[in-house]
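Student: Could we take a close look at just one part, please? I'd like to hear about the surroundings of the ligand.

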Amino acid sequence: MTRRRGRTASHWGTYLVTAEDDEVVDVRGAEADPDPSPLGANYLGALRHRARIRRPAVRLGWLEDGPGPTRTRGSDPYVEVTHETALDLVAGELDRVRRQYGDEAVFGGSYGWGSAGRFHHAQSQIHRFLNATGGYTRSVNTYSHAAGDVVLPHIVGDREWFLRSVPRWSQIAEHTRLVVAFGGLPRRSVQVNPGGVGAHLNARQQDACARAGVRFVVVSPSRDDSAPSLRAEWLPVRPNTDVAMMLGMAHTLLREGSYDRYFVEKCCVGFEYFARYLRGETDGVEKTARWAAGICGTDEAAITTLARRLASERSLVSVTWSLQRQHHGEMTYWAGIALAAMAGSLGKPGGGFGSGYSSMHNAHLYDRFSPAASLPQLRPPVSAFIPVARISDMLLHPGRHFDYNGTTQPYPDIKAVYWAGGNPFHHHQDLNRLLTAWQRPETVVVHEPFWNAMAKHADIVFPVATSLEREDFAIGTADPWLTAMDQVAEAPEGVVTDYEIFAELSRRLGAWEEFTEGRDASEWVRHLYDRTVDRCAARGIALPDYDTFRKAGQVEVPMPWEHPVAFSELRDDPDAHPLTTPSGKIELFSETVAAFGYDDCPGFPRWMEPAEWLGSPLARKYPLHLISTQPDTKLHSQFDHGAHSLSGKVRGREVARLHPRDAAERGLADGDLVRIHNRRGACLAAVEVTEGLRQGVVQLPTGAWYDPVSPGGAGSLDKHGNPNVLTPDLATSKLAQGPSAHTCLVEVERFTGAVPPLTAHEPPELRKSPGSGPAPRPGKR
Ligand SMILES: Nc1nc2c(c(=O)[nH]1)N[C@H]1C(S)=C(S)[C@@H](COP(=O)(O)OP(=O)(O)OC[C@H]3O[C@@H](n4cnc5c(=O)[nH]c(N)nc54)[C@H](O)[C@@H]3O)O[C@H]1N2
Ligand SMILES: Nc1nc2c(c(=O)[nH]1)N[C@H]1C(S)=C(S)[C@@H](COP(=O)(O)OP(=O)(O)OC[C@H]3O[C@@H](n4cnc5c(=O)[nH]c(N)nc54)[C@H](O)[C@@H]3O)O[C@H]1N2
Ligand SMILES: [Mo]
């Protein structure tokens, strides 16, 4: 038996890992982490699980019929081939598609989180490779906060403002009396930070605020959207109605004259227009607290009281990222900023507006200084792009024009899709629509460690090493800990890294020099570390040399803790300190956005009914609003087959939470299997009955690997509990074209049929081709 111990870094923390015979048998938090996340336990038993991909594989239909649109992606068996064969097929196919249709016919948007590690970062790898060999159609913005990314420059002049410039927890503890958290502060999400977390401190900082006397109000459909230690008041709200509540509060301040007249008149533009809208002068509807209460299903007095509290003490309006992952998601940020401007704390320490306090571990813990060098992605030869959540539209409607932030352009005609480090069968909405769209490309190439739905819907699959099976170094976004990642296990025989695959493909496509710059993986890791040392030196920060760093395992990079107060200069002297908006001020009305003329995104924060909500006619047929939150037991779909993830499932399925009255009406009790359905799709889940949700709401986390009753598609049942068979593929608006996952009505009923066996974590049917031996280890020329 071989036994190895080493250090690893992941998006959910840094761990000391022991592997026996290349399988993880022990995981514990690293020395610097006082509060390690239990997500580390997902490594246990995961590397040599039967879901592991061990050989390159080609879909039988693709091998027999060649590239082309097909209905059998997702149901054909696979044929295992040698690396040489797979590399030749993929290089030949990329070359054919580019010659025949042009570089933009290759979609390399490849959205996804992949794994931690500066060099082996899958997105950087694939984009560098595709740029080196000709170019590709890319994607812009994120599933996390696309609506915010696009609308914020119009409001405050800075896309990153809500990440960079809003109050830090330390400032809140010192200065703030009241935090009103729309969407709450769910603790589960702060387990995670992109690129890594050296020490989990966010929960402690939240608790320190509570100890310092900060009061929290959670506006959410879920009471559990904050830790009990915060002793938050819960204001239950119907999903997707927060804008109405914000407007009702703004109206209260307007009517009572208790708003910050100086700030809205001198530091903002458009207040007068917004005020006329609140008074009902532009549409005949006065946005009173009573009006809001009718929409939100919340007590009118609670809305007026909260408005008064907001304006009478140092307050912070926090709007969780999920609130813009809904139809008209742009409006939640805009209304929140307008409310905060009126409440009087914008531009004062700890006060005003913020977002993401519990969406990511490091959001608002430290300042945003990212010292680490990245793998350069090279110059993109192709300019075509889509907003990331428009993938199905793009595949279904080549040539059709789409709107985006004041521009119009056609969807490119995609013939080849290349994905590494992401899982659209996890992240995209309306999976049955995606399945139809997925029939259109001629070839789909995927790199994956595991036989998840992503791999099972590819034509050519390359198995790749996990982050535990390669050497790298990591540092998270705005995190102070640089971590040397050890290789703690050998990848299964026949499995190599993304880099080795891309290097071999570049060789075949005549771009080996450009892609590799003559370095092997370990030389690249050292090179990127050395560049990191240079970048830190330029800031006056000394880092140890590479060998000393590797021996130490972790070093702490001193972070700038001093944080400026957002908008304090604007408040002091708006003319001397203009923002980068057209007016130089906060735009409560944006001439620019208004001039786009979008019917679904006006130029000011307005209540617009979402396509689906508890107040819409559709609620008669589908009376429950589905909230598909981030999973507590994993990051997205990663390691769904890991020990911690499996321990959270009931009867092998994901757990759907329901209010006791909703459960009783349907005769449901804890542990029952239900079918959750709407006109887009259906899935199975296990029931948990809880007082922690408001009536009319179902919560089903994302992350269960999509597992259709064969062969999938419209009308078929997902056996495992993936909410994205239910969610709509609907743009937030023409402005941002972001995803609207949280705008979704469903019905729930007891599942009475024969329970279909789970196959989510089983490999597909695999056939051997003669001579599919171990992979050649592609080395340096
Ligand atoms: N309904 C609903 N849907 C949502 C959301 C929601 O709130 N509700 N949230 C959305 C959000 S915010 C996000 S960010 C997305 C997340 O969506 P994704 O980022 O696509 O989800 P992951 O499961 O993290 O996908 C990463 C994939 O990369 C693979 N992988 C890991 N390491 C490597 C590597 O080194 N190389 C390669 N080649 N592969 C690797 C993993 O096995 C996994 O399949 O989901 C979105 N989808
Ligand atoms: N454990 C774990 N942590 C994660 C992730 C993960 O997969 N697992 N993913 C990470 C990623 S990529 C991201 S982007 C962040 C996302 O961070 P968030 O977007 O903050 O997380 P969500 O779980 O999508 O939503 C937060 C809460 O919003 C509430 N909510 C939903 N709809 C509404 C509404 O209409 N009104 C109100 N008032 N509340 C609503 C829900 O009750 C939910 O608990 O999380 C990160 N953290
Ligand atoms: Mo995200």
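**Around ligand 1**

Tutor: Let's start with S628: one of its polar side-chain atoms sits 2.9 Å from a nitrogen atom of ligand 1. This is a predicted model, where local features need pLDDT of at least 70 and side-chain atom pairs count only at pLDDT 80 or more, while totals for chains, interfaces and linings use all residues. Residues are numbered from 1 along each chain as its sequence is written, chains are lettered from A and ligands numbered from 1 in the order in which they are written, and side-chain values use heavy atoms, with hydrogens and water left out.

Back to the ligand, then. For R325, a polar side-chain atom lies 3.0 Å from an oxygen atom of ligand 1. With E448, the gap from a polar side-chain atom to an oxygen atom of ligand 1 is 2.4 Å. So how much of ligand 1 does the protein bury? On its own, ligand 1 exposes 920 Å² (Shrake-Rupley method, 1.4 Å probe), and the protein buries 97% of that.

Now for the neighbours. There are 33 residues around ligand 1, counting any with a heavy atom within 4 Å. Those that come nearest are S115, H427, E448, S637 and N724.

How values were computed. A polar contact is a pair of N or O atoms within 3.5 Å; within protein, one must be able to donate a hydrogen and the other to accept it, and residues adjacent in sequence count only if both atoms are side-chain atoms.
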